[in-house]
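Work through the exercises below with the sequence and the structure at hand. Try each task before reading its solution.

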Amino acid sequence: MRLIRVVEGPFDPGEEIERFARALDDVGALASFVGKVRGGGAVCQLELSHYAPLTQKGMEALADEAFERFDLRGLLMVHRVGAMKPGEPIVAVSAGARHRRGALLAIDFCMDHLKSDAWFWKRELRGEQWHWIEPRPEDHADRLRWAEKS
Amino acid sequence: MPVRLVFLGKLADLAGGGERELDAATGWGALLTTLEPELAAEVACERVRVAVNGTLVADKRTLTLADGDELAFLPPVSGG
């Protein structure tokens, strides 16, 4: 069971995860993560762009790897693109596995790769100026954590 | 049939738009000469990957474009 989608408008992570969870059987653990646009700063809008011919393919390949590594029974990844406001969900990842460790590790693994290895570009509107977000060394380091285990 | 160039992320700002067309198929070196110097320098940079028709190219310097190809310039990603 896998649900991998890029969506161009608002989505309801709770609803997505619930529907996914209902469709899974033979699962002892379900772990979920929702990433949102951070509020409280000067950012009034966030815009994510992507390159469609690569994005879906890349997320499918990431799902393949997660299934192989963590003995998963199911994986949900929904990623939004376009303009969004603080507080709105950007990404939801949910993993179902026989045991908790696989499910917990799988969402961490998928998020580290979505942050540093998926074809998304991000810019923020602060005041009236758009600023492109540069890759952060931490994101790269987060992804490398998984390299030694393969 | 022209070749389509797609600029992603901040390269789109630098190119003054996300897409442009090239009249004729060409190789990498000749392609760079059709771009503004600043843009050419940026896309030639090692951190910028390219994809032809949705497939990543291992070494962009060796690519040759055919009529109707779509060439995408992909700067370093900044996270989902």
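The model is predicted: local features need pLDDT of at least 70, side-chain atom pairs count only at pLDDT 80 or more, and totals for chains, interfaces and linings use all residues. Residues are numbered from 1 along each chain as its sequence is written, while chains are lettered from A and ligands numbered from 1 in the order in which they are written.

**Exercise 1.** Describe the secondary structure and the radius of gyration of chain A.

Solution. Helices (H or I, at least four residues) and strands (E, at least two) are DSSP runs, numbered from the N terminus. Chain A has four helices and eight strands. Along the sequence their pattern is β-α-β-β-α-β-β-β-α-β-β-α. Next, the radius of gyration is taken over C-alpha atoms, and the globule rule is 2.2 Å times the number of residues to the power 0.38. For 150 residues a compact globule would have a value near 15 Å; chain A has 16 Å, which agrees. The C-alpha trace of chain A spans about 50 × 35 × 30 Å along its principal axes.

**Exercise 2.** Give the strand order of the open sheet in chain B, and its edge strands.

Solution. Two strands pair if DSSP finds at least two bridges between them. The five strands of chain B run in the order β2-β1-β5-β3-β4, with mixed pairing. β2 (19-22) and β4 (55-56) of chain B are the edge strands, since each pairs on one side only. For one pair, take β1 (residues 3-7) and β5 (residues 70-74) of chain B, which are parallel over four bridges. B:Leu5 has B:Leu71 in β5(B) as its bridge partner.

**Exercise 3.** Find how α3(A) and α4(A) cross.

Solution. Axes are lines fitted to C-alpha atoms, for helices over the stretch in contact, and angles run from 0 to 180 degrees between N-to-C directions. The axes of α3(A) and α4 (residues 137-144) of chain A come within 8 Å and cross at roughly 135 degrees. This makes α3(A) oblique to α4(A) (under 35 degrees is roughly parallel, over 145 roughly antiparallel, 65 to 115 roughly perpendicular and the rest oblique).

**Exercise 4.** How many residues does each chain give to the contact between chains A and B?

Solution. Two residues are in contact if their C-beta atoms, placed from the backbone, lie within 7 Å. Chain A gives 20 residues and chain B gives 12 residues. On the side of chain A, α2 (52-70), β6 (89-97), α3 (100-117) and β7 (120-126) each supply at least two residues.
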